[in-house]
Amino acid sequence: MSASRLLSPLPDLLAQRGNADEYPENTLPALRSALDLGARHVAFDVQLSADRQPVLLNDANLKRMAGLDRSALELTGQQLAEVAVTEPERFQQKFTDIGVPTLAQAVSLIATHPAVTAFVEIKRASLRAFGADVVVRKICEVLKPIVRQSVLVSRDLSAVHHARQISSYRVGWILSEYSNLSALKSEALVPDYLLCDQELLTDSNAQLWRGPWRWVIQNVSSREAAAQLAARGAKLVATTSYRKVLREFKNSAS
């Protein structure tokens, strides 16, 4: 690695699904832990329950998070509140009483940290089940108390367009591929943020596409990778290993 690359300023850190290394992802304990560690950017996923209540979940199916082979989209908010999302395969019996958080609960938590930005991912499963208009409007409504702190993001380009049309929220598009076609679509959309998984980036040192957007690169697990991405133009890197990468950032600064 060149000396200039080593001297590149580090990007900001984003806690992907909270402090998901140490707590079940997308849960209030995971978010609280990230905020307690000083996170200024957090990201979490949102689905809609059967009665159209926004809740924090990545998977539509509850098998991985709760050991329950049911679709969260077919359960009411009240039913989901009684489901323990403890990631049993990953954590075994370490956690027992963590429930599915509502988006309203996450909003209340984020509101107590006014310097924090929340990246709220609108999931495709809910968009397919309920339609973009219902999903986007419900999420926008619940996010109103932290509208200035929120960024609506999705892999679904039409949902990002819709969010921009009906609201004043900042928006971000999560790329499914790092391609010339995606670049053209980005130029047409002109989002506030472009997000991309690190593994989708081409294996080169080329600069990320230039534009009025800020780049967020996801699934970053080391300070070295973060520095390389910053040199390519990334302003934020998202990690599920928040404490580990934060420690590496601090050690490099001392």
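Begin with Asp197. At 11% relative accessibility, this residue counts as buried, since the cut-off for buried is under 20%. Bear in mind that the model is predicted.

**Stop 1: Asp197 and Arg155**

Asp197 and Arg155 form a salt bridge, with the closest N and O atoms 3.5 Å apart. The pair links distant parts of the chain, 42 residues apart. Asp197 sits in strand β7 (residues 193-197), and Arg155 in the loop between β5 and α9. Arg155 counts as partly exposed, at 24% relative accessibility.

**Stop 2: Glu121**

Keep Arg155 and select Glu121. Which residue forms a salt bridge with Glu121? Arg155 does, and the closest N and O atoms are 4.0 Å apart. Glu121 lies in strand β4 (residues 117-122), while Arg155 is in the loop between β5 (150-154) and α9 (157-166), so the pair ties together parts that are 34 residues apart in sequence. Is Glu121 buried or exposed? Glu121 counts as buried, at 9% relative accessibility.

**Stop 3: the network**

Now widen the selection. Arg17, Glu25, Asp45, Asp59, Arg64, Glu87, Arg90, Glu121, Lys123, Arg155 and Asp197 are linked in a network of salt bridges. How many salt bridges does the structure hold? The count is 13.

**Stop 4: a pair within helix α8**

Select Arg137 and Asp133. Their side chains meet in a salt bridge, at 2.7 Å from N to O. Both residues lie in helix α8 (residues 132-143). They are four residues apart, about one turn of the helix. Arg137 is partly exposed, with a relative accessible area of 44%. Asp133 is partly exposed too, with 35%.

**Stop 5: α6 against α8**

Keep α8 on screen and select helix α6 (residues 103-111). The two helices pack at an angle of about 35 degrees, and their axes are 9 Å apart. The crossing is right-handed. For the contact itself, pick Leu103, Ala104 and Val107 in α6, which meet Ile139, Val142 and Leu143 in α8. Which classes of residue make up this contact? Six residues are nonpolar, none is polar and none is charged.

**Stop 6: the buried residues of α6**

Stay on α6 and colour its buried residues: Leu103, Ala106, Val107, Leu109 and Ile110. They cover an arc of only 165 degrees around the axis, which puts them on the same side of α6. What do these buried residues pack against? Their partners are α2 (28-36), β2 (41-48), β3 (54-56), β4 and α8.

**Stop 7: helix α11**

Finish with helix α11, residues 223-232. This helix is mostly covered, with seven of its 10 residues buried. To see them, select Arg223, Ala225, Ala226, Ala227, Leu229, Ala230 and Arg232. Then step just past the helix to Gly233, which takes a positive phi of about 120 degrees.

Conventions
Residues are numbered from 1 along each chain as its sequence is written. This is a predicted model: local features need pLDDT of at least 70, side-chain atom pairs count only at pLDDT 80 or more; totals for chains, interfaces and linings use all residues. Side-chain values use heavy atoms; hydrogens and water are left out. Buried means under 20% relative accessible area, exposed over 50%, partly exposed in between (1.4 Å probe, protein chains only). Axes are lines fitted to C-alpha atoms, for helices over the stretch in contact, and angles run from 0 to 180 degrees between N-to-C directions. A crossing is left-handed if the near helix is turned anticlockwise from the far one by less than a right angle, and right-handed if clockwise. Contact means heavy atoms within 4.5 Å. Ala, Val, Leu, Ile, Met, Phe, Trp, Tyr, Cys and Pro count as nonpolar, Asp, Glu, Lys and Arg as charged, and the others, Gly among them, as polar. The arc is that of the directions from the helix axis to the C-beta atoms.
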